[in-house]
Amino acid sequence: MRLGVLDVGSNTVHLLVVDAHPGARPLPAHSHKADLRLAQLLDDSGAIGEKGIESLVAVVRDALQAAEDKGVEDLLPFATSAVREARNADDVLARVAAETGVRLQVLTGAEEARLTFLAVRRWFGWSAGKLLVLDIGGGSLEIAYGIDEEPDAAASLPLGAGRLTAGWLRQDPPTTDEVRALRRHARAEIARTVGEFSRFGAPDHVVATSKTFKQLARIAGAARDADGLYVQRELKRESLEAWVPRLAAMSAAQRAELPGVSEGRAGQILAGALVAEGAMDLFGVESLEICPWALREGVILRRLDHMGSA
């Protein structure tokens, strides 16, 4: 059947259409994206304002039309941290449902981590052994560890690249004090969780997902997207540590000229790099591999599993 996943994230609203059935690899058929940056539309009280709600309704309506045009039989709509943490989340969800008919399921941070872990496990298979999975989104950092399809430990931290850029890096380029303060904050948050994971022992394979990690790997010399899904892409901590001060010295416009960095993400790639560097250092990771599957694929795989057991 043709499935659609509508992901209302902190940075983008992304409709992914796939052809899938239980036991088979989902095959991408269409992708529809809109840069909404919900995490940056929160007002001082932590609510999504009227303009933000109207923009979200319009983008969801467009995605719904795209899904219909592409023959989607089953739409799986969900929202992550930007909606989850908005003070008026219930009102936002009610408006979207009333004006579009789409009822967004709000995932918890732990659910995000578990579903992303499932996607990574299916991509690499059982031979990958114990996995440590890192995912930097616009609003949060997800961490998961385990040897099965359900992780033994999962955590979600408020360390998304968009959130941190808006809250900590006010200048362009940022000041030295801003960068240092954000680095301290990110590492303190990550350090609180390390013990929860380290008690399970060292992972056999460390994997990262998300646009932020993909762009950091590309900056550090990994293959382009055009080279295909199956090319191995790695990010070494040594390379990342060399790039962080360079990114900090650049303006957003200068970062947008780097290979693989989109104009829309250029402003927040430094915050993402600081979180990635902190996570790799505190978890003792020298190198990680980039996985092309992440949360959206995890949602699809879970749906297919339920179909197969029905």
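Helix H8 (residues 237–249) packs against H11 at an angle of about 150°, and the two axes lie 10 Å apart. That makes H8 roughly antiparallel to H11; angles under 35 degrees count as roughly parallel, over 145 as roughly antiparallel, 65 to 115 as roughly perpendicular and the rest as oblique. The model is predicted: local features need pLDDT of at least 70, side-chain atom pairs count only at pLDDT 80 or more, and totals for chains, interfaces and linings use all residues. Residues are numbered from 1 along each chain as its sequence is written, and side-chain values use heavy atoms, with hydrogens and water left out.

Helices (H or I, at least four residues) and strands (E, at least two) are DSSP runs numbered from the N terminus. Axes are lines fitted to C-alpha atoms, for helices over the stretch in contact, and angles run from 0 to 180 degrees between N-to-C directions.

**Packing around H11**

The crossing of H8 and H11 is left-handed, meaning that the near helix is turned anticlockwise from the far one by less than a right angle; clockwise would be right-handed. On the H8 side the contact (heavy atoms within 4.5 Å) is made by Arg237, Leu240, Glu241, Val244, Leu247 and Ala248, and on the H11 side by Ile269, Leu270, Ala273, Leu274, Ala276, Glu277, Met280 and Asp281. By class, this contact of H8 with H11 has 10 nonpolar, no polar and 4 charged residues. Ala, Val, Leu, Ile, Met, Phe, Trp, Tyr, Cys and Pro count as nonpolar, Asp, Glu, Lys and Arg as charged, and the others, Gly among them, as polar.

Helix H5 (residues 161–168) also packs on H11 (residues 269–282), at about 110° and with the axes 8 Å apart. That makes H5 roughly perpendicular to H11, and their crossing is right-handed. Ala161, Leu164 and Thr165 of H5 meet Ala271, Gly272 and Val275 of H11.

The axes of helix H7 (residues 211–219) and H11 come within 10 Å and cross at roughly 90°, which makes H7 roughly perpendicular to H11. Thr212, Phe213, Gln215, Leu216 and Ile219 of H7 are in contact with Ile269, Gly272, Ala273 and Ala276 of H11.

| Contact | Nonpolar | Polar | Charged |
|---|---|---|---|
| H5 with H11 | 4 residues | 2 residues | no residues |

A pocket is an open set of points on a 1 Å grid over the protein atoms alone, where a 1.4 Å probe fits, with protein on both sides within 12 Å along at least five of seven lines; lining residues have an atom within 4 Å of a point. Of the 13 lining residues, Gln105, Leu107, Leu115, Val299 and Arg302 are the closest to the centre. Strand E4 (74–79), helix H4 (109–124) and helix H12 (295–309) each give two or more residues to the lining, and H12 has the largest share, with 4 residues. The lining has 6 nonpolar, 2 polar and 5 charged residues.

**Backbone**

Asp172 and Pro173 are joined by a cis peptide bond with omega of about -5°. Pro173 is in the loop between H5 and helix H6 (176–198). Arg37, a residue other than glycine, has a positive phi, near 55°, and is in the loop between strand E3 (27–35) and helix H1 (50–69).
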